[in-house]
Amino acid sequence: MAWTKLWVIAYRDLIRNRRRTFFTLLAVALGLALLIVLNGFIAGILDDALQNSIRLQTGHVQVRAETYEDSRRSLQWKDLVEQPGEIAAQAATMPEVAAATPILWADTILNTSSESVGMQLYGIEPDSAFYDPIRASLVGGNFIEANDRGGVMIGKRMADSLGLKLGENVSLTTINADGVPEEGIFAIRGIFDSGVLVYDEATVFMPIAKAQSFALTGDRASTIIMLLHDENDADQVAAAVTAPGLQALTWRELNAVFLETMGTAMSFYWILDGIVMLIVAVIIANTLLMAVFERIREMGILSALGMKRRQVMQMMIFEASIISLAGIILGLAIGLGFVALLTQNGFVMGEMAGSTPTIPLSAVVYAKFAPETFAWLAVWTFIIALLASLYPAWFAARLEPVKALHAS
Amino acid sequence: MAIIELLDTSKSYRVGEIETRALDDVSLTVDSGEFTALVGPSGSGKTTLLQIIGCLDKPDRGTVTINGKDVTRLNANGRADMRREVIGFIFQFFALVPVLNAYENVELPLLLNGVGAKERRERVMGLLDAVGLADRINNRPDQLSGGQQQRVAIARALAPRPLMVLADEPTANLDTANGEQAMEIMKRLNEQTGTAFIFATHDPRVMAYARRTVNMLDGRIVDDSKKL
C-alpha cells in the first residue's frame with residue numbers, strides 16, 4: 001500500500017481530535033523544552049565552573065616540581081620549583097602563552113581577635129595579567145604592590161563574615177618550609193569580589209616575595225601557572241616547558257577531580273532526562289491507546305478491507321511520528337528560546353554558588369548552547385515516543401476484525 | 001464454476017456459561033456471478049455464515065474453500081490477503097473510513113492491492129459514476145446521506161474487482177427508496193461485472209431481487225431455492 005495514504009489517514013485521525021492531539025503535542029514540546037533548558041543550564045554551569053577554575057586557580061598549564069603533590073601543599077624546598085621567575089619569563093615568550101607567573105601556595109590560618117579561619121595563602125606577582133579578573137573585581141582599597149611587605153588582600157565574603165575592614169590588621173599563621181609555625185601581622189590593603197564565592201571566602205593574596213620570606217622558601221615557588229590564548233594548545237605548551245625534575249600539567253589533569261565530579265553529577269541529570277522522557281512516553285502511549293479505543297470499529301473496517309496487521313501498526317506509528325515531530329519542533333523552539341534568554345540574563349545562584357568547594361561557581365551562571373546535546377535530546381525524544389507507540393500499535397493490530405466491526 | 005464451497009461447517013460462540021451454536025453442519029456451494037440472498041430471522045446464522053465466507057472468522061469444524069483455497073488453514077495475514085484480493089464487503093452500518101472522502105474510501109482497497117495510480121483513478125471514477133456519486137467525490141461520510149454512504153460502500157466493495165461481494169443487511173439502515181436504489185445498483189453491477197453477490201437480509205423487498213434464496217434457521221440451511 002502506498003505509504004502516503006497511511007500518512008494521510010494518520011494525519012487526519014490526529015486532526016479529528018484536535019484538542020487531544022494539541023495537548024499531547026504540547027506535552028512532548030514542554031518535555032523536550034524542559035530537557036533543553038535543563039541541559040543548557042547544566043552546560044552553562046559546567047563551562048562556568050571550569051572556566052572559573054582555570055582562570056582563578058589552575059590556569060591552562062602548570063609547571064611544578066616532580067615531587068609536588070597538590071593535596072599536601074608542601075613548602076619543603078625539594079617540592080618547590082627553583083628559579084621560577086626564569087621559567088615564567090621563558091614561557092611568556094611562547095606565542096601560545098598569554099600569561100605566565102609563579103605562585104607560592106601555603107595553608108594558613110587567619111586569626112582575628114575573636115575567630116580563626118583556615119584559608120589558602122597565594123603568594124603572587126601582583127603585576128601579572130593572570131590577576132586581571134581579581135584586579136577588576138576590587139571593591140575596596142588597592143591591589144597589593146609587589147614590594148609590599150605587610151599587606152594582603154582578602155575576599156569580600158570573608159571580610160563580611162569576619163567583620164573585617166580595609167586597613168585592619170589580621171594575623172596569619174603557617175607552617176614554614178622548616179616545619180615550624182610562623183606568624184605575621186598583615187594589614188588588609190584590598191578587598192575583592194570575584195563572584196566565585198569559593199575564592200571570595202577562602203583565599204588570601206600577598207606578594208610572592210613576602211610569601212617566600214614568610215614561609216622560608218627562598219626564591220622558590222609551588223608552581224608556574226600559565227594562561228593560554230587557546231586551551232587546545234595545552235598539551236603542546238606542556239611538552240615544551242617541561243624539564244628534568246619538573247612536571248608539566250594541563251588544565252585537564254589539574255581539573256581532573258572537578259571533571260570527575262561533574263561527570264558523576266551528569267549521570268544524575270541523565271536519570272532526570274530519562275524520567276522526563278518516560279513521562280512524555282506515557283502521555284504518547286495514553287493518547288494513542290485512546291485513539292485506538294475510539295476507532296476500534298474503524299480498525300475492523302480496515303482489517304476487513306484486507307489491511308494487514310503490519311500496516312495497521314505502521315499507521316499508528318505514523319500517528320506517533322506526526323505528534324512527536326510536531327512536538328519536537330515546538331519543543332526546540334520553546335527550549336532554544338529559553339536558553340537564548342538565559343544566556344543573556346543568567347540564573348542568580350546565591351548561596352548555592354559557594355556550597356560546593358570543588359565546583360567554583362559564579363554568583364550568576366549563564367546557560368550555554370550545547371547543539372550536540374540538544375540534537376541528541378530531540379532524537380531520543382523521538383525514539384522514546386516511537387517506542388511508546390508500539391504497544392498501542394500492537395494492540396490495534398491484534399484486534400480481531402469480527403469483534404472490532406461489532407464494537408460499539 | 002464454484003467460488004465458495006462449505007462442507008459440514010460449524011461455529012459456536014460462548015457468552016458466559018451459555019454456548020450458542022451459530023452454524024450447525026452447514027454445507028453450501030456458490031457459483032460465480034450468483035445473486036443470492038441469505039434469509040432467516042435474527043440469530044439464524046446469516047451473519048456468521050457471511051463472516052466465515054468472508055475470512056473474517058474461522059469455523060470450529062468443517063472446511064471452507066474460497067476460489068479453490070481452503071481458507072481454514074490460513075493465518076491472519078493469509079486471510080487478510082483473501083479479503084483484499086477476492087472479497088468485497090458491504091455492511092449494514094456503511095463502514096466507511098470517516099476521515100477519508102468518497103474518492104479516497106473507494107481508492108483504499110486499490111491502494112492495499114497495489115494498483116497503479118492511473119488505473120486507480122479510472123476505476124474509482126468509473127465506480128462512483130456507476131453508483132451516481134461522481135459529483136460527490138470530495139465529500140466525507142458525514143457530508144453524505146445514508147443512501148449515498150451505502151452507494152460509496154458498494155463502489156468500494158467492487159473496486160478491487162473481487163470474485164464476490166458479501167453484504168450484511170445492506171438496506172437495514174436505509175429508507176425504502178434508498179434501499180431499492182442500492183439493490184438496483186447491486187443487481188446492475190452484478191450483471192455488468194459478473195461478481196457474485198451474497199447478501200444477508202430479512203427484508204422481503206430485498207429478497208425479491210435475489211435469483212437464489214438460501215433460508216436459514218437455528219444455524220442450519222432449511223431451504224435453498226433458485227428462481228427459474
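Chain B has an average pLDDT of 91, and 100% of its residues score at least 70; pLDDT is the predictor's confidence in each residue, from 0 to 100. This is a predicted model, in which local features need pLDDT of at least 70 and side-chain atom pairs count only at pLDDT 80 or more, while totals for chains, interfaces and linings use all residues. Residues are numbered from 1 along each chain as its sequence is written, and chains are lettered from A and ligands numbered from 1 in the order in which they are written. The model scores ipTM 0.88 and pTM 0.70.

The elements named below are DSSP runs numbered from the N terminus: helices are H or I with at least four residues, strands E with at least two.

| Element of chain B | Residues | Mean pLDDT |
|---|---|---|
| helix H7, lowest | residues 204-207 | 84 |
| strand S9, highest | residues 212-217 | 95 |

In chain A, the domain assignment gives domain 1 (3-53 + 259-405) and domain 2 (67-244); such bounds come from an automatic or database assignment. Taken over C-alpha atoms, the centres of the two domains of chain A are separated by 49 Å.

Helix H7 of chain A (residues 208-215) has six of its eight residues buried. A residue is buried if 20 or more other C-beta atoms lie within 10 Å of its own, exposed if 12 or fewer, and partly exposed in between, with C-beta atoms placed from the backbone. The buried residues of H7(A) are A:Ile208, A:Lys210, A:Ala211, A:Gln212, A:Phe214 and A:Ala215. Their cover includes strands S2 (97-111), S3 (116-124), S6 (169-175), S7 (181-192) and S8 (203-207) of chain A. After H7(A) comes A:Leu216, with a positive phi near 55°.

Helix H2 of chain A (residues 18-58) contains A:Asp48. A:Asp48 counts as buried because it has 24 C-beta neighbours inside 10 Å.

A nonpolar core is a set of buried Ala, Val, Leu, Ile, Met, Phe, Trp, Tyr and Cys residues joined through C-beta atoms within 7 Å. The largest one has 192 residues, and A:Val28, A:Val204, A:Ile224, A:Met226, A:Ile284 and B:Leu38 touch the most other members. H2(A) gives the most to this core, 16 residues. Domain 1 and domain 2 of chain A each supply at least three residues to this core. A second, separate core of five residues includes A:Leu56, A:Val196, A:Tyr199 and A:Ala363.

Methods:
Two residues are in contact if their C-beta atoms, placed from the backbone, lie within 7 Å.
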